[in-house]
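Here is a short report on how two chains pack together. Look over the structure first, then read on.

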Amino acid sequence: MRPGRAAVDAVGLAVYAFLLAPLVVVVLASLNAANYLTFPPRGISLRWYRALWESDLWAESFRLSLLVTAIVTPLVLAIGTLAAYALVRFDFRGRGLMRTLVMAPLVMPQIVLGIALLNFFSALGLVNTLTGLTLGHTIVTLPYTVRLVAISVQNLDPALERAAESLGANPWQVFWRVTLPLLRPGVVAGAIFAAIISFGELGVTLLIAGASTTTLPLRIFNYTEYNFDPAINAVSTIFVLLAVVLIAVLDRLIGLVRIG
Amino acid sequence: MRAAARRRLTAWALLAPALVLLVGVFVVPSLDLLRLSLAWTDPGRTIHSDFSLANYRNFTTSAHFHRLLWGSVKLTLWVTAGCLLLGYPAAWYMVHARRRVARTVLYAIVVSPLLISVIVRTFGWVVLLANNGVVNWALTVTGAVDKPVRMLGTFGSVTVASIHVLLPFMILPIASGLQDIDPTLARAAQNLGATPAQTFWRVTLPLSMPGVLAGTALVIALGLGLFITPLLVAGPLQPLLALGIYYVTLNQLDFPLGAALSFVLLIFALLVLAAAARALSAVNRSAV
């Protein structure tokens with residue numbers, strides 16, 4: 001093997017170790033029996049998982065996060081699927097502008113989006129409410145959903161829809177019976193991304209949530225920042241394991257290579 | 001003609017829900033923030049909504065805010081350089097992995113951070129870099145240092161954690177650029193007598209520039225607005241504009257000033273994206 005290639009490989013491998021390091025450490029630390037954050041661990045135990053299970057505060061946050069995710073996901077999926085279909089399939093004046101607008105929340109600096117929503121929601125009385133959180137998460141997840149659904153729309157052969165039409169199906173039937181089933185991989189991938197991003201969202205949440213809307217990530221933040229609780233490692237591990245499962249699902253659905 | 005009009009109508013009907021959402025929860029709040037940034041706050045904390053550039057003047061004349069902006073620029077430069085230096089070889093390694101399984105695993109490692117809350121990833125860095133954390137343990141055990149080095153709270157810790165948070169946004173576009181390069185081009189160059197190094201610098205790298213530029217622009221724009229990671233790793237007093245906005249708005253409750261600083265940051269991010277878009281179209285033109 002050439003030395004140049006070996007050097008690239010070494011750097012490459014090191015980068016993957018770097019990407020994994022904080023996640024692996026969190027998982028290991030969650031099994032630590034000690035009372036505080038320490039390395040190496042003093043014995044192995046599942047006590048922090050039990051503490052988590054028995055804590056009402058964590059349970060409350062977990063329920064709230066699930067609730068927000070359960071509202072946001074179908075909402076953004078419906079909005080995003082229609083938008084992705086229109087943006088890929090139709091050619092019209094203003095399409096470029098609409099594409100930019102749909103993607104804009106992704107590149108808007110997070111702090112700016114958060115401050116804008118905080119200011120706007122305080123005028124409407126939506127700070128620290130479920131409605132506010134839902135709206136905020138919907139805007140944050142929309143770009144991801146549209147992008148993933150758009151991949152499937154691009155692969156959809158228009159001839160199939162035309163065939164259904166010429167066989168007498170009305171537009172509604174074409175959409176439900178032909179288009180949507182064929183878009184399923186992208187739609188499911190879009191749903192997974194929307195759900196996981198809403199579930200873990202903090203950038204906007206930190207600014208617009210409050211004492212009665214402490215989502216799971218917000219509680220982790222509060223505990224890391226103010227009063228440390230070793231159960232954080234256990235919650236974080238759940239996030240990591242969830243991601244591992246969903247990545248396997250995404251790979252089967254549309255292939256990880258195409259998500260990038 | 002009628003059919004064209006109907007298609008246009010259908011397109012906008014499909015886009016209507018997204019448009020309502022984007023206008024209502026993105027465009028209007030942004031414009032309202034712009035309006036607020038042009039208001040002013042008197043010493044008694046009352047906000048006056050008559051037009052004033054007081055907040056922007058405050059920014060241009062205050063050495064403190066210049067220091068924050070410089071801190072953000074400095075962090076973003078380091079993070080972008082780090083992401084480029086680490087991201088390119090990582091993308092290369094991933095795209096050229098020989099076995100399909102290996103490639104899938106590498107993609108999974110790169111995509112996984114996107115699916116794991118930023119708070120979890122940042123918390124991992126707290127565990128790694130704390131005084132009684134993993135890195136200090138390793139340094140002490142190997143005898144590299146006699147007592148733990150303070151790492152949390154430093155500019156270096158913010159840089160490392162931020163590189164980690166933004167690296168996937170660099171690797172994925174570069175990988176997709178490398179993927180699209182026709183492998184016969186590199187072989188042709190080598191058949192014509194180019195060394196592997198020449199092939200890389202003269203053929204592969206130029207062809208992968210669109211991906212590199214896209215990733216760079218994204219990392220810069222996202223890097224400027226990063227605030228949760230610095231907040232947790234280094235605390236609210238780290239000199240960064242994003243943290244300054246957070247502090248001014250939530251602690252000093254000076255919304256108009258926070259709004260003005262937000263727009264300064266936004267304008268910086270937009271300038272970067274616009275410059276990247278121009279560079280990208282220049283690269284694409286020269287490639288034709």
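## Around B:L265

Beyond its neighbours within four places in sequence, B:L265 is in contact with residues of both chains. From chain A come A:P109 and A:V112. From chain B come B:L224, B:G225, B:L241, B:A242 and B:I245. Contact means C-beta atoms, placed from the backbone, within 7 Å.

This is a predicted model: local features need pLDDT of at least 70, side-chain atom pairs count only at pLDDT 80 or more, and totals for chains, interfaces and linings use all residues. Residues are numbered from 1 along each chain as its sequence is written, while chains are lettered from A and ligands numbered from 1 in the order in which they are written.

## Where the chains meet

In total, 69 residues of chain A are in contact with 76 residues of chain B. Helix α1 (residues 3-29) of chain A gives the most to chain A's side, with 16 residues. That side holds 54 nonpolar, 11 polar and 4 charged residues. Here Ala, Val, Leu, Ile, Met, Phe, Trp, Tyr, Cys and Pro count as nonpolar, Asp, Glu, Lys and Arg as charged, and the others, Gly among them, as polar. Helices are DSSP runs (H or I, at least four residues), numbered from the N terminus.

## One helix pair

Helix α4 (residues 95-107) of chain A meets helix α1 (residues 2-37) of chain B, their axes coming within 11 Å and crossing at roughly 50°. Axes are lines fitted to C-alpha atoms over the stretch in contact, with angles from 0 to 180 degrees between N-to-C directions.

A:M98, A:L101, A:V102, A:A104 and A:P105 meet B:L15, B:A18, B:L22 and B:F26.

How values were computed: Contact = placed C-beta atoms within 7 Å. Helix = DSSP H or I, 4+ residues; strand = E, 2+ residues; numbered from the N terminus.
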